[in-house]
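Could you walk me through this structure in the viewer, one selection at a time? I am new to it and would like to know what to look at next.

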Amino acid sequence: MEAIIIAQTIAWIQSVVIDCNFCPFAAKALLRKSIRYVVLQDASVEKALEQLVEELHFLDHAEEIETTLIILPNQLPDFETYLELVTLAEDLSSDQGYDGIYQLASFHPDYVFKGSDKDDPANYTNRSIYPMLQILREDSITRAIEHYPDIKGIPQRNIDFAKEKGLQYMQLLRTACIPEQD
């Protein structure tokens with residue numbers, strides 16, 4: 001099952017994140033195989049936070065890994081509860097002394113940006129197939145930013161793209177990454 005979840009996640013990264021150019025840096029990490037995938041089946045919030053700390057320590061000694069995705073396939077279906085985990089994870093990362101070293105990004109199947117409608121296609125820039133926490137190396141982000149001409153324009157470009165494609169297109173694109181649900 002873990003291999004299926006990882007394959008679906010890779011399909012989502014390729015067809016949504018990369019092909020829609022939501023993150024212009026993702027293709028390089030995927031091609032270099034520098035993404036680590038950790039699947040936590042049926043984990044509690046506490047277990048997810050423990051895994052976060054383990055991954056932070058792992059990344060300290062695995063410089064060939066650019067980013068880790070902690071995938072939570074059977075947990076946190078409620079977006080608000082997921083956001084509570086994100087806040088706890090950010091606080092824990094900071095408490096562990098990782099400010100300026102790693103940054104967290106968040107993805108959820110029901111992601112809704114603050115102030116937007118739940119059916120806004122722009123939410124699909126962060127709507128993944130499973131709840132996920134992403135750990136990114138700050139120095140990798142800094143290097144990427146130095147070589148990208150309009151880093152501040154990425155969010156608006158992503159919003160414009162998603163809105164232009166529309167809700168149905170964005171839904172179908174993401175849904176194509178996972179098998180039919182009975």
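Which helix lies across β3 and β4? Select residues 138–146: this is helix α5, which lies across β3 and β4 and runs at about 70° to β4. Keep in mind as you go that the model is predicted.

**Stop 1: the sheet**

Now bring up the strands. Four of them form an open sheet in the order β1-β2-β4-β3, and the pairing is mixed. Look to the edges, where you will find β1 (35–39) and β3 (102–107); each has a single partner strand, so one side of each is left without a neighbour in the sheet.

**Stop 2**

Select β1 together with β2, residues 67–71. These strands pair in the parallel sense over five bridges.

Next, step back to Ser-34, which you will find in the loop between α2 and β1. Is Ser-34 buried or exposed? Its relative accessibility is 1%, and since buried means under 20%, Ser-34 counts as buried. Show what surrounds it: leaving aside neighbours within four places in sequence, Ser-34 is in contact with Ala-29, Glu-64, Ile-65, Glu-66 and Thr-67.

**Stop 3**

Move across to β3 and β4 (132–137). Here the pairing is antiparallel, over six bridges. Highlight Leu-104 and you can find Ile-135 of β4 standing opposite. Although β3 stands at an edge of the sheet, five of its six residues are buried, so β3 is largely enclosed by the rest of the structure.

**Stop 4: the largest pocket**

The largest pocket has a volume of about 1,300 Å³. Which residues lie nearest its centre? Select Cys-23, Pro-24, Phe-25, Gln-134 and Leu-136, which hold that place among the 44 residues of the lining. Colour by element and you can trace where the lining comes from: α1 (2–18), α2 (26–31), β2, β3, β4, α5 and α6 (154–165) each give two or more residues. Then colour by residue type, and the lining of this pocket divides into 26 nonpolar, 11 polar and seven charged residues.

Methods. Residues numbered from 1 in each chain as written. Predicted model: local features only at pLDDT ≥ 70, side-chain atom pairs only at ≥ 80, totals over all residues. Heavy atoms only, no water. Pairing = 2+ DSSP bridges. Helix = DSSP H or I, 4+ residues; strand = E, 2+ residues; numbered from the N terminus. Contact = heavy atoms within 4.5 Å. Axes fitted to C-alpha atoms, helices over the stretch in contact; angles between N-to-C directions. 1 Å grid on protein atoms, 1.4 Å probe; cavity = no way out; pocket = protein on both sides within 12 Å on 5 of 7 lines; lining within 4 Å. Points joined across faces, edges and corners; volume = space filled by probe spheres on them. Nonpolar A, V, L, I, M, F, W, Y, C, P; charged D, E, K, R; others polar. Buried < 20%, exposed > 50% of the residue type's maximum accessible area, 1.4 Å probe, protein only.
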